[in-house]
Amino acid sequence: MQAGQDSLEKVVCETTVEIKNKNGLHMRPAMQLVDLANQFDCDITVNNSENVVDGKSIMQIVMLAASCGTKLKIKAEGTDAKKAISAMQELVENKHFIDPDSAD
Amino acid sequence: MEIKKGIAASPGISIAKSLIIDSEDYLIPQRKITPSQRLTEIQRVRNAFKDAIDELTQFEAQQDQTEGSKIKDIFAVHLRFLRDRSLRKKITDLIHSELVTAEYGVSTVLREIAAHFSNQKDSYINERAADFYDIERRLLRQLLGRKREDIKHLSEEVAIIARELSPTQTAGFNKKFVKGLATDAGGRTSHTVIVARSLGIPAVVALEDLTEIVHGGDRVIIDGNRGIVIVNPDDETIQQYKKYSHEFSEFEHKLAAIREKPAETRDGTKITILGNIEFPDEAELVLQKGGEGIGLYRTEFLYLSVTTEPTEQQHYEAYAETVGVFKHRPVIIRTVDLGADKHTQSRRFAPEPNPFLGLRSIRFCLQNLMMFKTQLRAILRASLLGQVKIMFPLITNLQEMMQAKMILRDVMEDLDEESIPYNRNIEIGIMIETPSAALTASTLAQDVDFFSIGTNDLIQYTLAVDRGNELVSTLYSAADPAVLRLIRTVIQDAHKTQIDVAVCGEVASDPEYVMLLLGMGIRTISITPPMIPEVKQIIRSVTIEDCNAVARKVLGMNSERQISSYLRNAVRKILPEAF
């Protein structure tokens, strides 16, 4: 994680994560990611090197069609940007999207 | 101004603003709106999202936590899509910039997204396309459902334009304001037509791509006499049609005046005009229009409007109601002519590949004896209430007919054993609607009391044409020499055996064919009730001599085109107002 401009008003944080669950960023993980993003006030964008999309829009996230192994750059701008980024990184890379179904 | 030609399905003229009903089962055509309609359409999208969210939230709550967390997840994901502002914005932006309807906007955007997934290499991801089709349908259902509600609460006169109308769509029509129907698909006997005729409004079907040409609110003329729809007519055309429409209603008025007069040719030959009905309450209409009985009482409604099989009592009550209207005049009840429809197909594991050549009509009855016997018992019980006759449809050979008669005898014996009274001498007839029955009419005539020629199926089977199929429907014609020769054979064989022969197909209600049928020897016809006055008028304007001459001439002709144009000219001379 790299901290951006360190101002109280506007914090910008960025990280790159790799999708590690085998079915990629399909519906349920996308839903979890978006739900998480929506808990924060900061603006969140997700970038797959082709498109930059709104991290709070499930449609846009799903449109990335990120499969297993895809690297995504997540960028947050706002007062709680730092918290947002670490929570999202945790979800994607460590929890691999909490999945009640082992099938995923 | 654009003129579209289809099939005239219900007579009359209407000039009204169009209301288009799309269907979630078909591709939504691109349809432009005016800039001033943008806000309404955008609001419709918002409402559809809101209602879809409410609906899904309810479904989600109903899902048991323990079973199917997968289903709950699907609902949850769909809910998030519906709440996603950027999805809604994509749709409303499209409506705003491209001036399209809410239905088109929803359908286009969601299908675009679906297509995006179908193109992905990853199979797991490209299966997601299905979710977007699902969301599309959910939203369309909301939009169209509301539109159906709107139709119930119309406040101005409209002409309904649709790809095809289903019973659920027509059930809610506000009869006062729906002035005409026009559909892309359908034939003369489709559901749309039945509804239009029962409402007494004009209808034109088989217009192919009408829904893509008309925009909601466009003014349309539906000419149910000529089978024409004119989109955005110019002033001159409107004036012409207003005049024509006025003349037509005066003509109808004049026809009403002949209700009490007998259906008799100028030289005194009495013709019997009976009515074809679908539902018991239409019996009254037959009487009002001057019909002398029921020549074809279709009984499929008993099966198609309910999910469970009708009971003997339900059959009986339906028959008793109709027979009660006619007291001692004939009511010919046709045994169920099911097949190639929901009722029979839903009972199968797989749909029949060729249902019109499959297990339909009498064949279906002979394989479902319990059901068949239930109906026969009810008809026999009702036979005491008036002059009830029984008619078997789609007979293709002698054996089938004998089998049906044998089952009828079994049922009679059962009733005897239970001491339930019925008319032992009930007349039994068959429909002649297959080429095989027509060709063996002389044999079949030995064992029945009457024939009724069902021209709709007879034409279809003789010419191998499905008239509901727009690609070949122009080949469907009663004026085909092959059809006319079969009809002539049947009439001659019936006369030789001295049994009654009637025509109950649509041909009998087509003014152009009345003279020909009389000339071929027909003295009883059974037709759709609204056509009774007009046909009676023709009968009263001709002599049998004239008719014989028409028949002689036509039976010597070899081409369908020549025959139909000759018949058209012949009737125009007699009844110019009808055209």
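The questions below take up a helix, a barrel and a chain contact in this predicted model.

Q: How do you know that the length of helix α1 of chain B agrees with its number of residues?
A: Helix α1 of chain B covers residues 38-62, and at 1.5 Å a residue its 25 residues should span 36 Å; because the C-alpha atoms at its ends are 36 Å apart, the two values agree.

Q: What makes a residue of α1(B) count as buried, and which residues are these?
A: A residue is called buried if 20 or more other C-beta atoms lie within 10 Å of its own, and in α1(B) the residues that qualify are Glu41(B), Arg44(B), Val45(B), Ala48(B), Phe49(B), Ala52(B) and Leu56(B).

Q: What makes the eight strands of chain B a barrel?
A: They close in the order β9-β10-β11-β12-β13-β14-β15-β16, with parallel pairing. On average, and with direction ignored, neighbouring strands of this sheet are turned by 25° against each other.

Q: Why are β9 and β10 of chain B said to pair?
A: Pairing requires at least two bridges, and strand β9 (residues 272-277) has three bridges with strand β10 (residues 294-297), in the parallel sense, so the two strands of chain B are paired. Across this pair, Ile277(B) stands opposite Tyr297(B) in β10(B).

Q: What makes up the contact between chain A and chain B?
A: Chain A contributes 17 residues and chain B 18 residues, where contact calls for C-beta atoms within 7 Å. On the side of chain A that touches chain B, the largest share, five residues, comes from α2(A); by class, that side has nine nonpolar, six polar and two charged residues.

Methods. Residues are numbered from 1 along each chain as its sequence is written. Chains are lettered from A and ligands numbered from 1 in the order in which they are written. This is a predicted model: local features need pLDDT of at least 70, side-chain atom pairs count only at pLDDT 80 or more; totals for chains, interfaces and linings use all residues. Helices (H or I, at least four residues) and strands (E, at least two) are DSSP runs, numbered from the N terminus. The expected span of a helix is 1.5 Å times one less than its number of residues. A residue is buried if 20 or more other C-beta atoms lie within 10 Å of its own, exposed if 12 or fewer, and partly exposed in between; C-beta atoms are placed from the backbone. Axes are lines fitted to C-alpha atoms, for helices over the stretch in contact, and angles run from 0 to 180 degrees between N-to-C directions. Two residues are in contact if their C-beta atoms, placed from the backbone, lie within 7 Å. Ala, Val, Leu, Ile, Met, Phe, Trp, Tyr, Cys and Pro count as nonpolar, Asp, Glu, Lys and Arg as charged, and the others, Gly among them, as polar.
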